[in-house]
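The following note sets out some points on the structure shown below. Each point may be read beside the sequence and the model.

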Amino acid sequence: MSHNSMPLTTSERLSGRLLAAVAVATAIFLVAPILAIVPLAFSDGEFLVYPIRGYSLKWMEAFFSSEKWAMAVKNSFFIGSLSAALATVLGTMAAIGLSRTDFLGKNVLTGFVLSPLVVPIVIYAVGLYFFFAPLGLTQSYTGIVLAHAALGAPFVVVTVSASLSGFDHNLMRAAASLGASPLLAFRRVMLPLVLPGVVTGALFAFAASFDEVVTVLFLAAPEQRTIPREMFSGLRESLSPIIAAASAVMIVIAVLLLAAVELLKRRAQRMRATA
Amino acid sequence: MKAPKNLPTRQSDFATAPTLVTFEKISKTYDGHTHVVKNLDLEIRRGEFLTLLGPSGSGKTTCLMMLAGFEVPTSGEIWHGEVPLSRKPPHERGIGMVFQNYALFPHMSIAENIAFPLEVRGLGRAAIAEKVKRALDMVRLPQIADRRPNQLSGGQQQRVALARALVFEPELVLMDEPLGALDKQLREHMQYEIRSLHMSLGLTVVYVTHDQTEALTMSDRIAVFAGGRIRQLADPRALYEEPADGLVATFVGESNRFDGTIVSRDGDTAVIATRGGTRLEAFAVDIGATGPAAVIVRPENVRIGAAVDGLRDVITGRVVDVVYHGDHLQVHIAAEGLDVVAKQPTRDAEAPTVGSEIRFGFLSRHARAYDPARTDH
């Protein structure tokens, strides 16, 4: 769809091309390091090094048949799902509270809720370690799930807040006037309308947990190791291309998550257009 | 819908109708010193169409929201019959509400929207389907049950909102400028529909608007709000013909205003010397024996040409403009440094020539003298 059918001037055409060149360069800068690891997953060598002399699927096979890695995959999905669920519930409630009309300390509270996005993760992990140790939460799934939920919640707050900014609060009043309790009004009216934001936030929260390694390093016992944690020790101990295989699998999952987010965004736009 | 009970159908009957809602010394302030609503008393009678009329910021919407339960009074109590409402959340009040922007649920079909209050009340599916159908028939939109709100025009959406607010048979329905977003012709049509629903269902309606024409045509009684207080509560005719103070006189309907000083006062009659030097005899409303006064005259009560013969006070001016309105002419007259407007029915008025000298006047009972200090908000 072309919004602007006016003929372009020479300088406009030039600046358009320059913009395209910069955009492509930026995209390469962002994506190339991620893609650099992928060919190594299909190397038939013994070490994680270029150049690749021959290709094989042996490291992929090794990844999928290893008990250690299977455990890591299971842990990643288990911790990711639980922490995303927890982050989604807490983050959605926080976003709704913060979307209300102004109250004293709203900005401070918003900053506080979003702080996990900016606090250096190492500091957060060390703090968690000392906080959790006396509570017996280190070396436990509970501890890691709680840690990841706190890291994922800000993403939910951001996406749900964005959905709520287009939400007509009169609808909640209408629901109340028609006899719906606040909880029922939330379930029947607000939740269906902000659902794209909630699910997008949940996916981001899952992704945040899925690639998180620092708090896992501090808090996880060997039986709670996740994929990134296993890769981290693999890098220190063996440097075998199985790490590249694990990376390739994680990239595929990340791409699937991104695609899901994009689909949701389109759906939300359609809903907004018809609302 | 319920068949109408034995309810008063003419406004004169409401004087004796029982009270449904009482506002008792209601005040509302957000910051502790500026009052949006000040120590307000109001009785809403069962079965009446009561309009809260006023400029924005006058407190009328705040009163409606307090009755609905979306705002909490800072002090005072609202009674619904014998029940104090202060501790009752909105969803337990059983009051229907129609919003200016319709507030239909965009993710539900029209039928689902109307079924919502019935589902919340736990009605069975068959009963819900029956009531939804009847509600759609009532607002004369039987064919649209499966559509979405965004597929309807503004007028249709507002009729669906009406059906949804009435389907659970509330005795009290609140309307917050429900026709504000519609164009003039549709608005007049909807005014008529709301009015006939009010009468056929025996509803008690509290209606908020800043449109005084709408208030005059629809209401049994009108409460004029300004500065958080009710300045006058009366039926439309009394409000228009006998405004209690200068603010009501200028806010409701059109008016000409002559400022001056009181020369003499004898009972209900006062003589006012206008700034232009004319002495006018006027009906004293809220003025004392001396001091300033504002004489207010409706344009349709200004007589011109031969009709001034026999009037006590006649003023001479110059015709500035004559505007044709179909059923009437508006004659703009420059006199005493003012723009005086006279409304003449087209059929019995000869259009005066622009630029010509013209004599005009009015009966002293049509000239009402007010305290100018009480003509502002």
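1. Two strands are said to pair if DSSP finds at least two bridges between them. Strands (E, at least two residues) and helices (H or I, at least four) are DSSP runs, numbered from the N terminus. With these terms, strand β1 (residues 19-29) of chain B pairs with strand β2 (residues 35-45) of chain B in the antiparallel sense, over 7 bridges. In this pairing T19(B) stands opposite R45(B) of β2(B).

2. The model is a predicted one: local features need pLDDT of at least 70, side-chain atom pairs count only at pLDDT 80 or more, and totals for chains, interfaces and linings use all residues, while side-chain values use heavy atoms, with hydrogens and water left out. Residues are numbered from 1 along each chain as its sequence is written, and chains are lettered from A and ligands numbered from 1 in the order in which they are written.

3. The strands β1(B) and β2(B) form a hairpin with 5 residues between them. In the turn, G32(B) has a positive phi of about 95°. β1(B) is also joined by 5 bridges to strand β4 (residues 75-80) of chain B, and these two strands run antiparallel. Here S27(B) stands opposite S75(B) of β4(B).

4. Chain B is assigned domain 1 (11-246) and domain 2 (247-374); such bounds come from an automatic or database domain assignment. The centres of the two domains, taken over C-alpha atoms, are 37 Å apart. Contact (heavy atoms within 4.5 Å) involves 18 residues of domain 1 of chain B and 15 residues of domain 2 of chain B.

5. How much area do domain 1 and domain 2 of chain B bury between them? The value is about 1400 Å², 60% of it on carbon and sulfur atoms. Buried area is the accessible area (1.4 Å probe) that two parts lose on being put together, summed over both. Of the area that domain 1 of chain B buries against domain 2 of chain B, Y240(B), P243(B) and G246(B) supply 42%, more than any other three residues.

6. A salt bridge is a side-chain nitrogen of Lys or Arg within 4 Å of a carboxyl oxygen of Asp or Glu. Between the two domains of chain B the count is 1 salt bridge. The side chains of R374(B) and D245(B) meet in a salt bridge, at 3.3 Å from N to O. On the side of domain 1 of chain B that touches domain 2 of chain B, α7(B) gives the largest share, 3 residues.

7. The contact between the chains takes 20 residues from chain A and 23 residues from chain B. Together the two chains bury about 1900 Å², 66% of it on carbon and sulfur atoms. R173(A), L178(A) and R188(A) supply 37% of the area that chain A buries against chain B, more than any other three residues.

8. The interface of chain A and chain B has 1 salt bridge. R188(A) forms a salt bridge with E119(B), the closest N and O atoms being 2.9 Å apart. On the side of chain A that touches chain B, α8 (170-177) and α9 (182-210) of chain A each supply at least two residues. The largest share of that side, 7 residues, comes from α8(A).
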